[in-house]
Amino acid sequence: MSPEKKFMTLEDVAELLGVNYQLIYRLVRSGELPAIRLGRVYRITKEDLDAYLIRQKRVTGRVLCEACGTLYESKAAVKYTCKECDAPICFDCWQRTKTHICRACSTANAKTKKRKK
Ligand SMILES: [Zn+2]
Ligand SMILES: [Zn+2]
């Protein structure tokens with residue numbers, strides 16, 4: 001699957017996460033995972049899936065720094081947030097390497113800059 005693909009089927013999402021289709025279907029039907037309904041089929045946007053996964057990470061109590069990718073056991077180590085999307089950023093990134101936006105946003109920013117002449 002191309003990372004540029006914006007809309008995913010429930011099958012795509014299930015495969016991506018390594019879970020079964022029924023689980024994804026249940027999450028969509030219960031409204032936990034936002035989806036676009038087109039007749040009888042659903043499409044999930046990458047943004048919605050990412051946002052859902054980030055929420056799940058926070059629920060478990062462990063927090064992933066979205067700038068360096070380190071998984072921390074407590075929220076205390078990851079108390080900063082991306083200036084653009086509120087993704088968690090750890091103390092190390094924020095204070096030592098002065099990284100104030102997450103990787104997704106910095107990649108997005110780099111792409112927009114390249115597109116502009
Ligand atoms: Zn970090
Ligand atoms: Zn961000």
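This is a predicted model: local features need pLDDT of at least 70, side-chain atom pairs count only at pLDDT 80 or more; totals for chains, interfaces and linings use all residues.
The C-alpha atoms fill a box of roughly 50 × 45 × 20 Å when the box is taken along the principal axes.

On the secondary structure, the protein chain has 5 helices and 7 strands, and, read from the N terminus, the elements run β-α-α-β-β-α-β-β-β-β-α-α. If we take the contacts with a separation of 6 or more, 28% of them are between residues 24 or more positions apart.

The domain assignment divides the chain into domain 1, covering 1-60, and domain 2, covering 61-117, and the centres of the two, taken over C-alpha atoms, are separated by 23 Å. Between the C-alpha atoms of G61 and Y72, which are 11 residues apart along the chain, the separation is 8.9 Å.

Now to the sheet that I would like you to look at, which is an open one of 3 strands in the order β1-β3-β2, with antiparallel pairing. β1 (7-8) and β2 (36-38) stand at the edges with a single partner strand each, and therefore one side of each has no neighbour in the sheet. The pairing of β1 with β3, residues 41-45, is antiparallel and runs over 2 bridges; on the level of residues, M8 has I44 in β3 as its bridge partner.

Finally, the nonpolar cores. In soluble globular proteins, nonpolar side chains tend to be buried together. Which residues make up the largest nonpolar core here? The set has 11 residues in all, namely V63, C65, A67, V78, C82, A87, I89, C90, C93, I101 and C102. Taking V78 as an example, and leaving aside residues up to four places away in sequence, we find that V78 touches V63, C65, Y72, P88, I89 and C90. There is also a second, separate core of 8 residues, among them L10, V13, I24 and A35.

Technical notes
Residues are numbered from 1 along each chain as its sequence is written. Chains are lettered from A and ligands numbered from 1 in the order in which they are written. Domain bounds come from an automatic or database domain assignment. A nonpolar core is a set of buried Ala, Val, Leu, Ile, Met, Phe, Trp, Tyr and Cys residues joined through C-beta atoms within 7 Å. A residue is buried if 20 or more other C-beta atoms lie within 10 Å of its own, exposed if 12 or fewer, and partly exposed in between; C-beta atoms are placed from the backbone. Two residues are in contact if their C-beta atoms, placed from the backbone, lie within 7 Å. Two strands pair if DSSP finds at least two bridges between them. Helices (H or I, at least four residues) and strands (E, at least two) are DSSP runs, numbered from the N terminus.
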